Amino acid sequence: MADWIAARLEQQFGLQNRFFSVPALPIVNSTPAHHDLRRYTELATLPQMELGASAPALPPSGHTSHANKLAIDHEPYRHFNDMYKIMAFVEHAYDFSMANLPNVPTGDNYFDSESGYGISVPARGFEVVKPVTGKPSKVEQVVKWVMDYPLGTIDHIMRLVYPEMPKMTFEEGRDTIESDMKLMRWYRWCRDDSAITEAMDTWEQSVMVFIQPPWILSPADLQGFANCDAFPSPNSRQPLKAKERLWGKIWDLCSQKRSDWFVLTTYWGWVFGTFSPGHTRAFTSGVIPFDAKEPTVLQCLFFWFTSALAPRTKSQGVWTSPEVPEPIDAYQPVSVPRRVDSMNIAESESSWHASSIARSQSPLGAVSDDSADDDTVMDGTGERRDRRVVTHYSEEGEVAGWVLGVQAREDPRARIVGPPPPPSEISDVSHTTVTSAASAIQDLAAANGSQRHGVLMTGVHRDVRMTFAAGAH
């Protein structure tokens, strides 16, 4: 009751309360959500977010916006090459949640007054808290929808399912570029300061969450980001496109925070991704709609957050990034210089002009890629027509194929290495065996590990297929 009163005071008089969950009175005559988290997350689809009347205009369906002008340019420190699609992501996210979420009462409550988070995404037959939200017309209001509903809910679910896990929190990011703050907000789900007891704790994995409103990152923009399969060379003279600037921004922030895992969302759509240990390659899901089922967004979040903290949670069936050959300098600390707001921004590939009066108040509409020069065309589902995917893979869970690009590329600097060790564990690097990309691929293909790994397959758009092994973890 005290939390509900505080929330009402904040709404009525602008008194400060926690930024995240703002609970109202719970729904009565229903099962508390924490009594069956497995069934709850299966049924809990995000409520529709309608934009306010004063929100900026959206581009017509299938068009990219002209607004995502992040202050990102080519940089020599950015050792980033390729992106790969995680095939069957949705199936594995659903299966993982159904196998690892409990269907018995877990924890004491569905709301934590100390953290300010609670289970708030509505689901028929379940008792949840209800955030006080309105129709957003500003970036901050979209952020509130994302934090109050899905992220606040998954934070509390992770606390309930993994009580032995250190206290985690969503740390709000601060951007040094004022113009970028108007386009994107980001949060880092990481160990709370109160749970850091030694230097080693700061090296634990975290999850970066990037939030952009749909009038900045339209459905077509988000689809273009997910379909992007290569990042331009730092020596390129062509200005970065919108989707490439977004990739560059995410790479910079994840590298600064030593985080491999990330989520990009507009609330209407969600993309889940991770970088290789040296951040030279990325692996992403497709776009998951806010109202998706089997899996729901909550099930995807549970799958991804648990995978990020796999060493801590010891869960079975998490996603593990494939080992890839990477240059040794990819593991050097990244120092991102302070930038100015004015950058060399490429013209948008969309034929829509920002002065258009076309407007949509809902997330409905087809999506398309934003690359007019990729020699591809789009079908009605937003997929590339010429996209070829190799579907053959080992049923025994072994690596069936590994192709970087169309052919393996020899790189005398490449070698298989793990993530950078904490300072206390750094040893003589001369003991690491240097190998070529081709031999590394052969060694990896011959391996018979017990972890679930992605398999890179050939095709116009490079893909990753997740395979299983008995006792995968």
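**Exercise 1.** Is R258 buried, partly exposed or exposed, and what is its relative accessible area?

*Solution.* The structure is a predicted model, in which local features need pLDDT of at least 70, side-chain atom pairs count only at pLDDT 80 or more, and totals for chains, interfaces and linings use all residues. Residues are numbered from 1 along each chain as its sequence is written, and side-chain values use heavy atoms, with hydrogens and water left out.

Step 1. Recall the classes: buried means under 20% relative accessible area, exposed over 50%, and partly exposed in between (1.4 Å probe, protein chains only).

Step 2. The relative accessible area of R258 is 40%, so this residue is partly exposed.

Step 3. R258 has a positive phi, near 55°, although it is not glycine.

**Exercise 2.** Determine whether Y267 is buried or exposed.

*Solution.* Step 1. The phi of Y267, a residue other than glycine, is positive, near 80°.

Step 2. The relative accessibility of Y267 is 0%, and therefore Y267 counts as buried.

**Exercise 3.** Identify the residues with the most contacts inside the largest nonpolar core.

*Solution.* Step 1. A nonpolar core is a set of buried Ala, Val, Leu, Ile, Met, Phe, Trp, Tyr and Cys residues joined through side-chain atoms within 4.5 Å.

Step 2. The largest such core has 100 residues, and those with the most contacts inside it are Y40, F210, W247, W270, L301 and F305.

Step 3. Consider W247: leaving aside residues up to four places away in sequence, its contacts (heavy atoms within 4.5 Å) include F80, M83, F225 and F262.

**Exercise 4.** Describe the peptide bond from E294 to P295.

*Solution.* This bond is cis, with omega near 10°.
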